[in-house]
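Hello,

Here is the structure I promised to pass on to you. Have a look at it first, and my notes follow below.

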Amino acid sequence: MAKRLWMATVAGAACLSVLGWAAPPPKPAGYVPPRTADGQPDIQGVWNNATITPLERPADLAGKAVFTPAEAAAYEKQAAESNNRDRRGKDGATDVAGAYNQAWFDRGTKVVPTLRTSLIVDPPDGKIPYSAGGQKRLDAAAEYARLHPADGPEDLALADRCILWYTAGPPMLPGPYNSNYQILQAPGYVAILVEMIHDVRIIPLDRRPHLPGSVRQWLGDSRGHWEGNTLVVETTNFTGKSRFHGATENMRLIERFTRTDANTLTYDFTVEDPATFSKPWSASIPMTKSSGPIYEYACHEGNYAVPGILGGARAQEAATK
Amino acid sequence: MIAAASVAAMLSVTTLPAVAQATISRGPRTADGKPNLNGIWQVLTEANWDLQGHAAAAGPMVPLGAIGAMPPGQGVVEGEEIPYKSEALVTKKANFADRLKLDPEVKCYLPGVPRATYMPFPFQIVQTPKFILISYEYANAARTIYMEDPGPAPVDSWMGQSVGHWEGDTLVVDATGFNDQSWFDRAGDFHSDALHVVERYTLHGPDMLMYEATIEDKNVFTRPWKISMPIYRRQEKNVQLMEFKCVEFVEELMYGQYRKKPAKQ
Amino acid sequence: MRSIKIGLAMGAALLSSAPLWAHHAFTAEFDGNKPVKLRGTVTKMEWINPHAWIHIDVKDADGKVTNWMVECGSPNTLLRRGVTKNSVTAGMEIVVDGYQSKDGSNHANGRDVTFPDGKKLFLGSSGTGAPGDTPEK
Amino acid sequence: MRSPGFWGGRAPRKLQPSEQPTEGSDSMKLLCALVGILVASMCAGQGLVAKKAWTPPRTADGQPDLQGVWTNATITPLERPADLAGKAFFTPGEAAAYEKRVVENANVDRRRSDISADVGLAYNEAWWDRGTHVVKTLRTSLIVDPADGKLPALTADGERRAAGLAEQRRLHPADGPENRSLAERCILWGTAGPPMMPGPYNDNYQIFQAPGYVAIVVEMIHDVRIIPLDARPHLPSNVRQWLGDSRGHWEGNTLVVETTNFTGKTRFRGASENMRLTERFTRTDPDTILYEYTVKDPATWTKPWTAQVTMAKSNSRVYEYACHEGNYAMTGILTGARAGENNSAKAATK
């Protein structure tokens with residue numbers, strides 16, 4: 001019996017490494033999460049993933065994977081200063097990009113508790129491993145955006161269009177404000193309410209098959225299961241329009257949610273898309289328990305910005321003629 | 001051994017669709033002992049937009065905005081893909097591209113079979129031993145299911161000719177005699193006048209009918225294919241079919257150009 | 001004597017009180033000033049309601065072929081008399097005596113449709129020989 | 001249906017005494033009293049004195065069984081012709097003579113010298129099915145009340161509306177589809193009504209009964225009337241339907257159906273949307289349903305009126321009458337009207 005268990009573990013580990021789940025398993029600090037009535041590890045509550053740690057490691061930190069506590073504090077101080085929008089820009093363009101007072105922002109003030117210098121933990125350089133093809137598409141998209149910044153609404157960012165925020169992802173990345181999530185669990189389901197654009201991810205746990213391949217959704221199609229105290233969610237069926245760091249519609253995402261202490265939900269994800277990335281890559285973001293509540297973020301209904309941006313572009317074109 | 005058998009039984013039960021597991025009640029019976037299908041029924045599915053699984057999409061009419069958009073559906077086709085012959089698939093795609101002009105539903109034409117079943121409108125079954133009437137709210141379409149075969153249909157028609165029989169507790173309807181004018185959905189799925197549909201209606205408890213239709217048309221498909229979906233009983237107090245005589249609503253569309261004073265575009 | 005009088009009176013009444021219209025006013029669609037006599041070959045028969053339409057190819061003196069559509073009545077009436085979709089087939093030669101449409105298109109009503117030998121394409125009249133004319137036993 | 005002229009029929013040949021409706025007895029007695037002993041003896045001779053009623057079979061749930069395919073085709077007109085004033089019933093001999101003459105006159109295979117009339121006759125006789133018989137009761141009109149067999153006088157409002165509609169038709173015969181009749185538009189036929197009136201062909205109905213419901217499939221435009229029998233209230237009065245909203249109940253062997261909630265566009269003989277219709281279906285023998293209806297619309301008529309049609313059992317089927325799908329005629333009528341206007345305009349500029 002013990003031998004078989006050992007073999008299963010080895011097989012599982014092999015399987016994980018094949019799948020590229022190279023994220024270090026969360027420290028089993030002896031914390032045992034409570035259980036829901038139907039026996040799921042309880043990850044319910046309102047969580048916030050705001051952090052100043054960037055997804056990719058900044059160039060000037062190349063080779064440095066982890067801050068010392070002092071370095072982290074210095075970094076946090078510097079970030080707080082440079083991010084402070086109450087400090088006016090040096091020229092008009094910079095100043096207008098600052099948008100509005102600091103009070104409106106909520107990016108967090110801390111780096112992640114692991115003191116890592118990037119959210120990406122694999123590859124070790126903390127960078128997204130673009131393939132040549134992926135980089136080419138990314139460059140082409142950038143060039144297109146330069147030539148057609150606001151020809152029509154489709155040229156604007158998904159967030160500008162009120163279609164999808166990075167906080168919803170998936171994967172769910174921290175944003176400049178409202179990086180809040182509420183998780184609810186019911187028998188057979190885990191639901192994640194994303195504050196931004198009131199997106200809800202309802203993840204069935206019954207191992208049903210994915211939607212037909214012809215069906216493509218902005219948030220993809222998620223299926224979950226529990227591995228010990230970790231909720232593992234696999235998402236496919238993305239659209240080709242989702243644009244997550246240049247990924248194609250065939251991107252496959254594995255997310256792992258583990259409650260590592262009463263106030264921390266460790267969120268790890270691995271992205272696979274051979275058409276875009278030379279190898280799978282992984283990131284780890286701690287989510288912190290928050291008192292909530294989640295407020296309504298109706299977006300499209302009051303989106304005066306789209307006519308403003310398009311009208312502005314038309315006015316600019318008329319002026320340059 | 002016994003344990004193994006019961007485990008196997010458990011496994012097979014858990015692999016059945018949830019609806020099949022719900023067949024505890026055989027449902028009500030008519031005086032002649034048949035499952036009683038009388039009542040007002042309606043599907044809750046997006047099959048009318050596209051039988052196959054589909055993501056939500058914008059509609060063909062910009063002014064309609066979200067009202068005209070296509071709601072997403074997981075698909076009701078067994079095996080997901082409708083097995084078109086290659087040239088027929090071209091027609092289906094052309095149908096979809098030009099659906100505003102070509103979809104018979106746009107013009108309030110009779111829905112045909114099986115589309116009548118999953119239009120987003122209720123229908124009423126009036127069941128008698130020799131004849132079963134299905135009255136559809138959409139376009140006041142109607143079909144009589146003959147429980148005794150009246151012989152081949154003399155001419156082709158939109159709703160075809162339906163002959164029924166009971167296989168155990170399932171009403172099996174063999175439908176032929178169709179013209180080639182109706183579609184299966186708004187996605188341009190179509191058929192020829194060789195269409196042959198076999199429908200199966202099975203009560204699962206008093207308030208749900210399981211519906212299956214096997215579709216065969218040698219001119220269009222490489223093999224027969226099947227759709228299935230539950231149909232639910234409408235249970236509002238005093239529920240009744242109301243009129244959806246839509247001809248009046250399409251007169252401007254179809255004849256407006258011939259008016260003495262055409263409306264301004 | 002009395003009944004004869006009544007009969008005569010009734011006939012007059014019928015003529016005066018019974019405008020003979022079908023599903024729609026054919027006078028609104030077809031032009032009494034444009035009588036046509038077409039001899040042609042059936043290319044298609046549309047057994048549709050509210051009116052069946054016979055499509056025929058008509059060859060003129062120069063050999064030019066024109067396709068005409070000929071409007072008839074409700075097929076259902078004929079179905080009750082045993083007619084089926086096989087009763088009219090492509091290639092049949094028929095003669096149509098009718099009126100052209102007011103809009104000048106090649107549509108005519110089949111006021112009288114016969115075979116070239118003068119026999120009517122469809123036989124039958126109200127209440128004679130129809131299966132439904134006798135009560136169900 | 002703008003054609004009140006087609007009263008086709010296939011009435012069985014002989015009327016049995018027991019076929020007479022009990023409902024009709026009072027008015028018949030009154031009529032007999034009014035027209036004197038000669039007519040009264042004629043009535044008696046035709047068995048208008050009710051004898052022991054035939055008992056219809058029952059459905060499994062105990063309803064009198066009206067099921068089957070029925071036709072109401074008849075040549076008897078709604079209103080009594082002027083030259084039959086005072087004569088409510090034919091003798092069997094008179095009926096036969098009348099039927100012969102009407103069938104001969106109606107035969108459209110006989111070409112007419114009046115070109116307009118000839119065009120109007122549309123197509124060969126084979127396509128028609130107006131029936132060849134008068135109603136089984138041998139009445140000279142379908143209207144039984146008022147006793148003169150005529151529609152009662154219109155109210156002032158009814159007259160005003162009728163004149164307005166006539167004027168509208170004269171000025172705008174085919175400006176657009178809504179100027180044409182409901183039958184031409186494939187919206188509603190007189191055979192569906194309600195009340196269900198015979199037309200020039202396909203006057204066929206199939207009645208289905210299930211616990212709590214009577215359903216009537218009308219061949220013309222596949223209309224289905226599903227009549228609940230559970231005494232539920234009518235639809236809210238702001239909901240108006242072409243076929244109205246029907247509720248039924250049994251009074252003995254008679255199905256009584258009350259219909260309200262008509263649209264103001266239904267135009268049944270000029271009635272308003274407040275028309276209230278009571279229909280009575282009584283199976284008087286295996287092959288006959290006596291169908292009687294009473295129309296109440298104080299806005300249109302000075303008093304209610306009642307008509308009777310006998311429906312005969314048929315061994316035919318109800319076939320699909322898809323109408324709108326192949327309605328090339330609507331285009332033809334409108335383009336014909338436009339062509340006529342263009343010609344007139346050209347003539348005027350010459």
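**What I found**

In chain D, 66% of the contacts with a separation of 6 or more are between residues 24 or more positions apart, a contact being heavy atoms within 4.5 Å. Please keep in mind that this is a predicted model, where local features need pLDDT of at least 70 and side-chain atom pairs count only at pLDDT 80 or more, while totals for chains, interfaces and linings use all residues. Residues are numbered from 1 along each chain as its sequence is written, chains are lettered from A and ligands numbered from 1 in the order in which they are written, and side-chain values use heavy atoms, with hydrogens and water left out.

To stay with chain D, it has six helices and ten strands (DSSP runs numbered from the N terminus: H or I of at least four residues for helices, E of at least two for strands). Chain D has 350 residues, and 62% of them count as buried. Buried means under 20% relative accessible area, exposed over 50%, and partly exposed in between, with a 1.4 Å probe and protein chains only. The chain exposes about 12700 Å², of which carbon and sulfur atoms supply 57%; areas come from the Shrake-Rupley method with a 1.4 Å probe, and for residues only the protein chains shown count as cover.

Now to the rings. Over all chains there are 38 aromatic pairs. Rings of Phe, Tyr and Trp (its six-membered ring) pair if their centres lie within 6.5 Å; planes under 30 degrees apart count as stacked, over 60 as edge-to-face and the rest as tilted. One of the pairs is A:Phe67 with A:Tyr75, tilted, at 5.0 Å centre to centre and 40° between the planes. Both A:Phe67 and A:Tyr75 are buried. Another pair, A:Phe277 and A:Trp281, is edge-to-face because the planes stand at 80°, with the ring centres 5.7 Å apart. A:Phe277 is buried at 2% relative accessible area, and A:Trp281 is buried at 0%. Ring pairs also link A:Phe277 and A:Trp281 into a cluster whose members include A:Tyr130, A:Tyr166 and A:Phe244.

B:Arg99 lies over the face of B:Phe96, 4.0 Å from the ring centre. The charged end of D:Arg317 sits over the ring of B:Tyr146, at 4.7 Å from its centre.

Finally, B:Leu100 is in helix α4 of chain B, residues 99-102. B:Leu100 is partly exposed, at 39% relative accessibility.

Best wishes

Note on methods: Lys NZ or Arg CZ within 6 Å of the ring centre and 35° of its normal.
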